[in-house]
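Please look through the sequence and the structure below before reading on.

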Amino acid sequence: MRCLAIIFFLGFFATLIRESKATADEKSIQYCPMNQRAVMGSIGGIFDQSSRVGKEQAIAVTMAVHDFNRWSHCSNLALHSQDSKGNSARVVSAVTELVNKKQAQVIIGQLTLQEATLLWDFDKVAKDIPVISTVPTATSPPFLPSQPPSFIRMTTDTTLQMQGIAAIVGQFRWRRVIAVYEHSNSFSADSGLITHLADSLWAVEAGLEYYSAFPRVVSQTNPQKFIEEELSKLRTKNIKVFTVLQASLDFAVMLFEKAKKLGMMNKGYVWIVMSDVANLLDSVQSSVLLNHMQGVIGLKTKYLDTSDSFRTFELRFRRSYGSEYPDEEKYSSPSIYALQAYDATWALAKAIQKSEKNGLQNSTNLGNSILSSNFEGLSGIVSFKNGALLQKPVYQLVNVIGKSYQEIAIWSPDEFGLSEDRIKGDGTKIRIGHEYAKTWDLGTIIWPGGQLTVPKGMELGSTAKPLRIGVPAKGAFKQFVNVTFDQLSNETTITGFTIQVFEAVVKRLPYHLHYVLVPYSSSYDQMVDEVHNKSFYAAIGDIEIMANRYEIADFSQPYLDSGLVMVVAVKPDTIATKILVLKAFKLSMWTIMAAMTMYTGVTIWLNEHANENPDFGGTFPQNIRTMLWYSVTVLSFANRETIRSNLSRLVLQTWLFVTLVVTACFTASVTTLMTSPRNKPSIGDIDYLLATNAPVGCNGNSFIVRFLIDALHFRPENIRKIGSLSEYPGKFESGEIKAAFFVAPHAKIFLAKHCKGYTVAGPSIKLGGFGFVFQKGSPLAADISEAILKVTQTGTIDELEKHMLSFSTCSSSSTGGDHDQGQGPDGVGTEPFFVLFLVSGGLLALASLNAILRLLKKHLDNHGFINGRVLRWASLLLARAFTKSGTTLLRKTPIIQRPNNEINMHRNELEPDLRAIELATNVLS
């Protein structure tokens, strides 16, 4: 017992020491000198004692005046407080009384700019009195004049919080929002909140769908009933993202209790609260948080709550609040609003003291002195600019979980986005907005209903009242939409390619779509009219996007490209059959084969001629005939010439191998051509149909009937309306129609089922494509279009289309609507034989070059012998000429005598030359 007594005494003594310290700016107590008189000042306080914020601020201001008077013995400030009870008229009357009767030099408390404007209109004296407003939600309505210098806000502009709400909406990609707020006074409901929110949402490509304003709780006799009725109306809306812009704590608690009762705190809903509610979560009973507010997220003003000065203030505040309101003692922690009121009181108290010391006691100087304040208080830096706090707040994004809440991100107006630096610990910040595309994973958030995935935030239709979407019940092509009725189970089943595409697209929407498909038995145009008349919210099917339809309804992005095509019967192509063999190879193949064959024959002849093979000799014309003949007979082994050169044998064997491979391919190509149908369209183009007044067929329920008449100028009596796909072949065979007109996707279905005997003829006329129909101005049209693009890029639509056509046994070209259908495969080109031609051609080039060089060498050798004989002829000519002209000279020249036998031998050798010289001489003479 003695130890416990000692511990209790030490604790009590420590508390007394801590309470004796100044908590405002942690300075020592100032004592008033003997020659200085005490400063006398009067402060008027206006607080709504029926609200949690008013209670906290009243106690905080009282504590601040007490602390200031104790800190400065030269001051004796008096506080005169009035309870406004949340009524604007009482606010005006209370301020008038404080100024005129209590001689208040400054007013502090919960005054809005609207109330201050009304006050200044009624009381000219109060117009110059400085007013420090501590209202949690501070806005400047657009219809009021600019804020006068005497009105000072101890809060920042609510526009910053609207940007924070928009940052949350943009982060989670919600498109539309519903706003809920409580009137702050008895004046107009338009306090600028809605305008600021709408502008901020626009910056993140979102919008305000609807807003609901509630009267103050204290002004209603049965506020719970009114709240429940309004929430029941909001529950019918498609939007599931709600933001509470402005609310007292009592209103917020009632709101969430009724929302829980109406099922609006279940999965799929989102609730975002502003700081005037989030800042008071510590004051909310844990049972309310656990039972009615699970999953709520909000922006809570961040401040330093770990300093010694704050802990001392918190201890004293809880004691004062608990003694004043014993029923709320358990939840008596101060909020940021109490800290701001405490700091504001210190600011005006110092301003009064400063004005008294300087002898400037008028209201203008007092207001300027307050605006010049610059110190660090419990709520942060207290400094003003343009009549409001200069320091921009930092907000915590908190999530109500269990009996408390946890911080999941940080947001600041300087960073238009959400930051997770507290969670990650790396200081990384991100930006979310219209110009920013980067996103951030904020970790696990527990949403209403215990949902862990981000709610889509919007629902179109409901389980009780789904959207009615029409589908064609009597379409000619059941592969797109097939409506069947089971009499045993009394159920209607709707299947088909279009239904599968629509289901895949709906899964890509950022919200839930509750719908029911309703079969419609009339024409497609009438079904579009039903959408226009709002009998259907939308219509899906193989519906063509047309200009006249677009005038009365909206269409989505086309999910299938389309065009009007003409399908006709085919007939045998007799001309193509007669030249079938020539089509086995392409012209380039025939050309290179002929060139290579001739080149091979020439090369072999050159080699054999260079080897002096007598089979390749003869006169020049004979040699030409030999080359050509050998080039032809080498393929059939009918040549009679003997080959002696090994190089010729190598060239010949290589070429025979090439021809063997080419022959095999030629045989295969001819076989393919002979087994393929050689058909062509029975009708070439539309002009022939118009000129001959030929009857044509089309789907009687589609736009094609009107299109053929208006655009292509067919006569109505020449158009046969056909109701089902199976009727077309019979109409063709009986001659009732000569051609059928389909949109391209329908033509694929027809040709997939009847690929033999029919083909597409003429050009395709471009159309808008298949799309989904919506009412004019429907927001679903744009969202569906975006989802169609996403599904298309994943290849889902292509896969579904292939599955739709998988029943066909025809080739892909037959079902594709190609205009060359029935013309058979193309001939073989040179590409498959490129390597063979390259090797054979290279070998031929080397062999021919070798033969040419050998022949040239032989020619040069023969050319040297002839030159010797010519020299001898020239010598004899010169000798004879000299003999005739210079007989006298020759006589004087001694003659060398030779033996007769030697002379005869030389004469015999020169006899041919002499005859040639004699002949040349005669020619010259």
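This is a predicted model: local features need pLDDT of at least 70, side-chain atom pairs count only at pLDDT 80 or more; totals for chains, interfaces and linings use all residues.

Residues are numbered from 1 along each chain as its sequence is written, and side-chain values use heavy atoms, with hydrogens and water left out.

The protein has 31 helices and 31 strands. Helices (H or I, at least four residues) and strands (E, at least two) are DSSP runs, numbered from the N terminus. Of the 925 residues in the protein, 48% are buried. Buried means under 20% relative accessible area, with exposed set at over 50% and partly exposed in between, using a 1.4 Å probe and protein chains only. The accessible surface comes to about 45,600 Å², and 56% of this belongs to carbon and sulfur atoms. Such areas come from the Shrake-Rupley method with a 1.4 Å probe; for residues, only the protein chains shown count as cover. Among contacts (heavy atoms within 4.5 Å) with a separation of 6 or more, 75% are between residues 24 or more positions apart.

An open sheet is formed by 5 strands in the order β22-β18-β23-β31-β24, with mixed pairing. At its edges stand β22 (515-520) and β24 (554-555); each has a single partner strand, so one side of each is left without a neighbour in the sheet. Two strands pair if DSSP finds at least two bridges between them. Strand β23 (residues 538-539) and strand β31 (residues 773-774) run antiparallel and are joined by 2 bridges. In this pairing, Ala538 stands opposite Phe774 in β31. Helix α15 (residues 497-506) lies across β18 (467-472) and β22, and runs at about 160 degrees to β22. Axes here are lines fitted to C-alpha atoms, for helices over the stretch in contact, and angles run from 0 to 180 degrees between N-to-C directions.

Helix α4 (residues 113-122) is mostly covered, with 7 of its 10 residues buried. Among them are Leu113, Leu119 and Trp120. The buried residues of α4 pack against α3 (88-100) and β5 (151-153). Arg153 lies in strand β5 and counts as buried at 9% relative accessibility. Arg153 and Ser133 are 20 residues apart in sequence, and their C-alpha atoms are 4.8 Å apart in space.

Helix α11 (residues 308-324) has 17 residues and spans 24 Å from its first C-alpha to its last, close to the 24 Å expected at 1.5 Å a residue. The expected span is 1.5 Å times one less than the number of residues. Its buried residues include Ser309, Phe310 and Arg316.

The structure holds 35 aromatic pairs. One of them joins Phe317 and Tyr321, which are stacked at 5.8 Å centre to centre with 25 degrees between the planes. Rings of Phe, Tyr and Trp (its six-membered ring) pair if their centres lie within 6.5 Å; planes under 30 degrees apart count as stacked, over 60 as edge-to-face and the rest as tilted. Phe317 and Tyr321 both lie in helix α11, 4 residues apart, about one turn of the helix. Phe317 has a relative accessible area of 0% and is therefore buried. The rings of Phe833 and Phe837 have centres 6.1 Å apart and planes at 50 degrees, so this pair is tilted. Ring pairs also link Phe480, Phe497, Phe502, Tyr515, Tyr559, Phe770 and Phe772 into a cluster.
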